[in-house]
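Please keep the sequence and the structure in view while reading.

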Amino acid sequence: MKFETISIHEGNKKDEDSKAVVQPIVLSTTFERAEDGGYPSGYMYIRKDNPNRKSLENVMAKLEGGKVSCAFATGNTAAMSVFQCLPAGSHIICPDDMYYGIRSQLKTLFKDILEVDFIDLSDLDLLQKTIKKNTRLIWVESPSNPLLKLVDIKKLAAISKNNEIKLAVDNTFATPYGQLPISLGADIVMHSTTKFLNGHGDVCGGIIILKEEDDFYEQLKTVQVVGGAVPSPFDCYLVTRGIKTLAYRMKGHAENAMKLAGFLEAHPAVESVYYPGLPSHPQHQLAKEQMNSFGGMLSFCLKNGESAAHKFVNGVKVFTQATSLGGVESLVEHRYSTEGPDSTTPKNLVRISVGLENIEDLINDINLNL
């Protein structure tokens, strides 16, 4: 089956009693045991499993081309669960531009447990020099947050394999519609399901998809079940419902983003635009090779500095100034002030989550405020 068909059918299970076409939400925290003490339904307790969670995990594994997946209560929890599967003292290599929440997690919660280096992963010689005997994981964002930097996932996968290191890719910006890291050689794919997968700004969640149902999966499943940071049935239902329209939403997001990026690049008040779909993007050719869609995220820097960025985000009307991304509504944010004093993001940078409004309304709103 093709992407759109998988999105609609692999996350849905018709109810056998009512014959409801759409899978119902199963809110029960526990499930009846048989006379012999077994679990004839296959479900025991909500923390261990739930029909709605199973549906979400199934459709995401299928879309990403993986064998199995584990859903979590937040994107941060999903990433943290991967890190928890590593032996204490393990070394991780991460990109120099990455989601601030996961970067902070590694620098605070894991500072006495794991070694971490943040480097430019597009520099393969530097990567080779950074690998140590205890390196167990290379963590990738491509495109990255918020500079939309890309890395060559195939080349990183080859290096990882040669050194017996797991390669994990945060695919939140691209989504499986835009990029399939496992097909490029990655072992692990992570998503914040809060974002484009749900697509409507009303759910918090995360998910990990694995290439193989191996020992690492068993460790991850243990962290999921024993740790207990799992999404509710209702949250799983909403994300699975959002995935049904993912392909068609992403087409709209990408089309709007491309037009908006072109408009911004030509505007005299704009210093630079970061969007992999632009020919001016330094890794545009790589984007064409490993991405199926350039996505709905872009960033740009203003010539008149941080004050101009603040003035802009406070002046727009169609856009909403807010954290997060991936919804049908367009969001705009001065990213540096969100990340904090140790942020490496340029102070004059504005990040945009391009929504599905009419592109003329979005362009007019920007034009009135630049």
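Is Lys-62 buried, partly exposed or exposed? Lys-62 is partly exposed, with a relative accessible area of 42%; buried means under 20% relative accessible area, exposed over 50%, and partly exposed in between, for a 1.4 Å probe and protein chains only. The model is predicted, so local features need pLDDT of at least 70 and side-chain atom pairs count only at pLDDT 80 or more, while totals for chains, interfaces and linings use all residues. Residues are numbered from 1 along each chain as its sequence is written, and side-chain values use heavy atoms, with hydrogens and water left out.

Side chains of opposite charge can pair when their charged atoms come close. Here a salt bridge is a side-chain nitrogen of Lys or Arg within 4 Å of a carboxyl oxygen of Asp or Glu, and the count by this rule is 14 salt bridges. Lys-62 takes part in one of them with Glu-10, where the closest N and O atoms are 3.9 Å apart. This pair links distant parts of the chain, 52 residues apart: Lys-62 belongs to helix H2 (51–64), and Glu-10 to the loop between helix H1 (3–9) and helix H2. Helices (H or I, at least four residues) and strands (E, at least two) are DSSP runs, numbered from the N terminus. Glu-10 is partly exposed, at a relative accessible area of 22%.

A salt bridge also joins Lys-149 to Asp-96, with 3.1 Å between the closest N and O atoms. Lys-149 lies in the loop between strand S4 (135–141) and helix H6 (153–162), and Asp-96 in the loop between strand S2 (91–95) and helix H4 (100–108), so the pair ties together parts that are 53 residues apart in sequence. Lys-149 is partly exposed at 25%, and Asp-96 is partly exposed at 32%.

Glu-339 and Arg-335 form a salt bridge of 3.2 Å, N to O. Both lie in helix H13 (residues 335–339), four residues apart, about one turn of the helix.

The last topic is a pair of helices. The axes of helix H10 (residues 246–266) and helix H14 (residues 359–367) come within 10 Å and cross at roughly 30°; axes are lines fitted to C-alpha atoms, for helices over the stretch in contact, and angles run from 0 to 180 degrees between N-to-C directions. H10 is therefore roughly parallel to H14, a term for angles under 35 degrees. The contact (heavy atoms within 4.5 Å) includes Leu-260 and Phe-263 of H10 and Leu-362 and Ile-366 of H14.

Notes:
Parallel < 35°, antiparallel > 145°, perpendicular 65-115°, else oblique.
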